Amino acid sequence: FSNSVESWIDQGLAKANQEMTSFEISKTSFKKGFFSSELTMAVTGAIISDAVDQEEGVEMRHQIFHGPVAMTPYGMKFCQSYAKTNLDRTNWKPETVERAQKVFGDKEPVTILTERSYSGAESVEAKVESFSIDDEEMKMDFGGALFTANGKSSAGSAKGDLKVSSLSFTSKGEEAATGSLGESTGQFDFQESAHLTGDMNLGAFNVTFPDEGGTAKVALDSGTVSVNMAGGGPDKKLMLGDMTVTFPSAKVAAPDFAMDMSNFMIDVDSAENAGKLEGSATYSIGSLESPQLAEQTGGADLSIAFPMSVSVRYGGMSTEATVKLGEDMEKLQAAQATSKPLEQLDIDPAVLDSMVNNLFDALAPGTTLGMAVGLGGSDPGANVFADLVIDLKGAKKLPEMKTVREVVNALELNTSRAAFEHPMLSPMLAQMQMMGIGKRTGGGAISASAQLVKGKLNVDGKPFPLPIMQMIDPQLDQPIMWDPIVEMIKAGIQANAAGQ
């Protein structure tokens, strides 16, 4: 199988560079042998170079043992090929070599073992070596990390497991601090254009450090990450579904500040409906207590004993335009990969034009944006304190609207309230009633609704004067200067890509 190895490598590099646009992988040398071959590759790009402080990026050294019977350092393997990969230190800076020697000694920092079967399936084992440091600045212990996966790159499939061992550190000197991060484990299952599922158990995090007048402590309980997505959109290019991150508790204790929060959760979901994208991001907590924060905000007490959530949602966005916008982002990432340094990033003007056009196409008429604040449950719809929805009506896209009045007339706002009786809300509830807004419902809550249509406000179904609209009405017929706005958006995209 030695004759097919280089061809397989070239094909793999071409596919990898096509899919991973944030950096580039290139073959720097290849020495073919009968029983084994040697290959070196470079992973380059501005992001990689900045991360490792090496202009040449990261170079990898591969020893490839040929089948059908591969004679490897780990014994005889019946396979098409077996590869052992390590970091190539040849072009490292002297200080980088010294730092690696200090941390890992004579051990290889990273070892990747890849076995390719006769059928073309691959199994991968990647190991980050454990280390222990104890010098005049810090003592640190890390148990290493292990990643294993099985799949078939030609079919775009992979299943794997990840284990990151615990880490602990103690800094030395006058500003001494101690901390630890518990062991994290996870697993995933991926099939290109079909699904991505997985779970991750995150280790607990604790850190103690000096603070004015004493010691501060931060503690984050073990958390979880769950992903369940499926292919959607044209050619199933989008991964749509649900991702949830949870932490049972988070605590901060310092001489002048304390906070105790329970059941923190982030839930992000997305779906496609009739060629349109919809989804939401919800942030929720079970309870929160912080006396000092209450004093800073002027409250007598900031003790939220009931669940509270904030949800941001969207709908009606063009799937096709969103996919094209994603393709533009990949081109932008490709420019980042070939730019050294990032501040000299040179982006094709056609890519910026396409990004702006696709952004406006994605936010076409029918797009809705909403936000809800919930009290009493992780689902904002269960007990809504405030809910706001903005709809883009009409048939024109934003850049086709010539005046501010056209934009105002195209935007429709709807809001509703169902506020619980609580000391935090009492001043606002009293003010609402004084203004004649809302009505009492069961349980002592106040409910109200409002709609802003073509610049006119209705509250609980009745016209409600809006002085600001009367004041600005003469200015609503002013033309919108879209060209400077578009150029400002392009400049923002370019500055963000360059890390400025």
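Here is a short walk through this predicted model, from its confidence to its cores and one of its helices.

The protein has a mean pLDDT of 82, with 81% of its residues at 70 or more. Two stretches call for care. Over residues 297-301 pLDDT stays under 50, and the model has three contacts there beyond four places in sequence. Residues 377-382 also stay under 50, and for them the model has 14 contacts beyond four places in sequence. Where pLDDT is low, the predicted coordinates should not be read in detail.

The largest nonpolar core is made of ten residues: Val-356, Phe-360, Leu-392, Leu-398, Met-401, Val-407, Ala-410, Ile-480, Trp-482 and Val-486. Three elements, α6 (349-362), α7 (404-410) and α10 (482-497), each give two or more residues to this core.

Finally, follow α6 itself. At its start, the backbone nitrogen of Ala-350 has a side-chain oxygen of Asp-348 within 3.0 Å. Further along, the buried residues of α6 are Val-351, Leu-352, Met-355, Val-356, Asn-358, Phe-360 and Ala-362. You can check the helix geometry too: at 1.5 Å a residue, the 14 residues of α6 should span 20 Å, and this agrees with the 20 Å between its end C-alpha atoms.

Definitions and conventions:
Residues are numbered from 1 along each chain as its sequence is written. This is a predicted model: local features need pLDDT of at least 70, side-chain atom pairs count only at pLDDT 80 or more; totals for chains, interfaces and linings use all residues. Side-chain values use heavy atoms; hydrogens and water are left out. pLDDT is the predictor's confidence in each residue, from 0 to 100. Contact means heavy atoms within 4.5 Å. A nonpolar core is a set of buried Ala, Val, Leu, Ile, Met, Phe, Trp, Tyr and Cys residues joined through side-chain atoms within 4.5 Å. Buried means under 20% relative accessible area, exposed over 50%, partly exposed in between (1.4 Å probe, protein chains only). Helices (H or I, at least four residues) and strands (E, at least two) are DSSP runs, numbered from the N terminus. The expected span of a helix is 1.5 Å times one less than its number of residues. A polar contact is a pair of N or O atoms within 3.5 Å; within protein, one must be able to donate a hydrogen and the other to accept it, and residues adjacent in sequence count only if both atoms are side-chain atoms.
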